[in-house]
Amino acid sequence: MSISINRADFIHTAWRWLARNVTNNSSFSAYFEPLVQMFYTQWRADRFRSNVIDVRRESADMYSLVIKPNKRWQGFEAGQYIELTVEKEGAWVSRFFSISSSPAYFEQSGLIELSIRIQENGQITPWLPQALKAGGVVNISQAAGEFCLERALTPTLMIAGGSGITPFRSMLQQLARRREVVSQPISLLYYARSSEHFLFRNELKTFQQQLPGLVVHFIDTRDVGFFSEAHLLSYCEDFRSRDVYICGPSPMIVHARKVLQGQGVKQEQIHYEFFGPEPVSLDEDREASNVLFQQSGKQVTTDKDQVKTLLALAEEAQIKPVTGCRIGVCHQCICQKKSGVVYNSKTKTYSDTGQEDIQLCVSVPVADVVLEL
Amino acid sequence: MSTATNNARPDSATLDAFAQDLDQIRSTTMEKVGQEDANYIRNVIRVQRISEIGGRVALVLGFLSPIWWVVGVLLLTLAKILDNMEIGHNVMHGQYDWMNDPNINGKRFEWDHAADSDSWRRYHNHEHHTYTNIIGKDRDFGYGLLRLSDDTRWRPKNRWQILTYLNLSILFELGVAYHEVAGERIFMGKRRKTSNLPITRKELRNAFFSKAGRQFFKDYVFFPLLCFPMFLPVLAGNFLANILRNLWTSTVIFCGHFTEDIHTFKMEECENETQGEWYYRQILGSSNFEGSRWLHILSGHLSCQVEHHLFPDVPAHRYPAMAKEVEAVCRKYNIPYNTGSFGQQYLTVVKRVLKYSLPPKQVPIEA
Ligand code: FES
């Protein structure tokens with residue numbers, strides 16, 4: 001057994017070595033990619049080219065993409081996310097989205113759904129529905145993520161904020177569709193800005209009939225405010241003995257974790273997932289922003305009155321990125337931005353919110369930025 | 001400046017206005033960059049792939065008729081020229097980074113060339129493009145082999161530098177590969193006292209050998225062996241394609257930087273440069289040549305060397321359109337703009353190499 005694995009490894013390594021040496025590309029597929037794209041537009045060697053079957057409006061600011069993944073795509077577990085990549089004006093743009101439908105539904109229909117909230121200033125989320133209306137092509141990654149319901153289900157408390165409902169819909173749909181009876185207690189606290197903002201309302205109500213242990217609370221934050229100790233006690237008294245799953249905007253997650261830990265819920269009981277980048281406003285008077293240097297694990301806060309480039313910030317934090325000209329010419333200081341918005345002082349343009357390469361020496365952080373460095 | 005000093009440097013207010021006009025050209029161009037540019041570079045890559053594959057197949061068909069072999073050599077030369085010039089050089093300047101395509105990415109791209117792309121990115125993108133034509137800082141000026149201005153002292157060996165130049169041209173890819181290694185005195189000479197190398201000397205040496213070795217393996221071992229009965233013709237064809245590519249690339253680059261009226265600079269002149277002064281130096285340090293669309297593409301648009309030096313990260317196929325505007329702006333401010341036909345420009349290159357192979361008639365008087 002181990003020999004055959006080694007042999008497969010060896011062949012794989014040798015093949016890659018050959019591709020590198022003979023084509024100067026990372027793989028033979030990368031070398032042939034532009035040719036394949038002549039016949040299959042947007043084909044990517046490292047992604048799964050999939051068709052969009054439908055774009056369904058869910059509410060004023062939400063819609064669902066119904067996608068038929070490529071046959072080689074390996075499926076997912078309820079609660080996992082994928083990276084969606086599309087071509088916009090010649091550029092590949094990628095975003096992470098939780099899958100909002102269940103694996104059982106996928107097995108039956110071959111389809112998955114992504115439920116996406118339109119970000120007001122976003123460059124992608126408002127644009128996608130038009131671009132894909134007539135059945136477009138997108139690339140998806142394999143599913144990933146640890147935010148899944150454990151196999152042996154324990155009593156559970158789910159806390160969803162806004163579009164953070166999507167992974168829970170997938171989980172509950174999965175439980176409801178599975179034949180065996182699930183009777184463990186599950187409470188879902190679903191927060192939204194107003195009653196029009198509750199998604200999948202009818203579907204969630206139906207799940208309550210199908211799953212005897214499930215209680216769903218639709219909580220309108222305008223009426224009763226945001227998640228608090230009081231809510232815990234009134235909606236789910238025995239929360240201490242449950243596994244807690246939280247998904248929503250990042251401030252909500254931070255707040256909910258603090259509240260739960262203050263109430264004595266153990267850290268390993270709390271599972272959470274940040275949901276997409278936050279909407280950004282490019283106002284003149286912006287708040288101080290944080291820059292997180294991922295690999296070195298350092299974080300700095302920028303001073304609003306003293307604008308500094310990312311390169312200067314990194315160097316002040318004792319990180320030494322590769323640099324050259326320091327005036328935006330040589331591209332030696334290119335670094336991958338994982339998320340956040342930067343302003344390029346040379347080209348006088350703002351970046352997008354997602355992943356992309358930026359020049360450290362001429363970029364200034366505008367909203368919280370995460371860098372690969 | 002040591003040559004053609006009849007144009008005195010404009011005052012700083014003029015250069016500021018000049019810079020603004022150039023910035024304007026840049027931003028109106030960048031607004032247009034998008035799908036069209038992505039399609040363009042992808043199409044060039046397709047042509048490159050097809051000619052490479054076609055060329056390698058045709059070389060093997062050489063046993064049918066020598067014509068096939070010739071076709072093979074030409075296609076392979078074309079593939080290598082496209083890969084190095086319009087694709088590699090431009091992609092590695094970050095011109096297509098906005099596409100977020102890992103295979104067309106400035107930092108990751110590797111080309112069909114003996115030079116390690118990381119090494120090239122360091123000294124070309126940084127040194128040459130930042131310190132263009134500053135004597136002692138930009139080692140691209142004469143490559144340490146040729147005397148091309150009175151800034152360097154005449155030595156007896158300069159008498160034969162036209163031959164050195166021809167040799168360099170034939171072996172150009174090795175010269176490019178060896179450039180940083182030579183600058184860092186890895187194999188011989190006194191170590192540089194200050195080195196800005198972000199990697200160790202050993203890493204630099206290994207990168208040099210591994211990339212050059214890979215290229216050697218590919219063209220002179222792997223493909224000839226793969227087509228075994230045709231071993232020798234394939235080997236010879238690959239060799240010839242590499243040489244032809246070398247001659248072409250070196251000619252293009254010499255025409256972009258070593259024509260008759262090119263200026264050189266001293267470090268003192270360039271300290272604390274404003275954007276306008278920087279643009280001004282870039283314009284005086286480069287020259288264009290004119291020609292058909294194909295000539296532009298095959299030169300990787302280094303036919304528009306001036307625009308490339310002003311805007312190194314703007315997609316290069318936009319340069320010919322920008323060139324018209326840049327030339328007009330230069331005229332407006334009475335700043336020399338160096339252009340001419342390909343043949344003319346090349347003649348002045350040869351003239352320059354010959355001119356400075358002789359000792360200066362009189363010792364230049366230090367100002
Ligand atoms: S250091 Fe040269 S572009 Fe940033």
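I began with a strand pair in chain A: strand E12 (residues 290–293) and strand E19 (residues 369–371) run parallel and pair over three bridges. Strands here are DSSP runs (E, at least two residues), helices are runs of H or I with at least four residues, and both are numbered from the N terminus. Two strands count as paired if DSSP finds at least two bridges between them. In this pair, A:Leu292 stands opposite A:Val370 of E19(A).

A note on what I am looking at: this is a predicted model, where local features need pLDDT of at least 70 and side-chain atom pairs need pLDDT 80 or more, while totals for chains, interfaces and linings use all residues. Residues are numbered from 1 along each chain as written, chains are lettered from A in the order written, and side-chain values use heavy atoms, without hydrogens and water.

Next I looked up the sheet around that pair. Five strands of chain A form an open sheet with mixed pairing, in the order E13-E12-E19-E14-E17. Its edges are strand E13 (298–301) and strand E17 (356–359), each pairing on one side only.

Then I turned to another open sheet of chain A. Its five strands have the order E9-E8-E7-E10-E11, with parallel pairing. Strand E9 (214–220) and strand E11 (270–274) stand at the edges with a single partner strand each, so one side of each has no neighbour in the sheet. Within this sheet, E7 (156–161) and E10 (243–248) of chain A pair over five bridges, and A:Leu157 stands opposite A:Val244 in E10(A).

I also checked which helices pack on this sheet. Helix H6 (201–210) of chain A touches strand E8 (186–192) and E9, and helix H9 (250–262) of chain A touches E7, E10 and E11. Contact means heavy atoms within 4.5 Å.

Last, I visited the interface. I found 43 residues of chain B in contact with 38 residues of chain A. The rule gives two salt bridges across the interface, each needing a side-chain nitrogen of Lys or Arg within 4 Å of a carboxyl oxygen of Asp or Glu. B:Arg42 forms a salt bridge with A:Glu87, and their closest N and O atoms are 2.7 Å apart. On the chain B side, helices H2 (35–60), H4 (117–130) and H7 (201–226) are the elements that give two or more residues. H2(B) provides the largest share, nine residues.

Notes:
Axes are lines fitted to C-alpha atoms, for helices over the stretch in contact, and angles run from 0 to 180 degrees between N-to-C directions.
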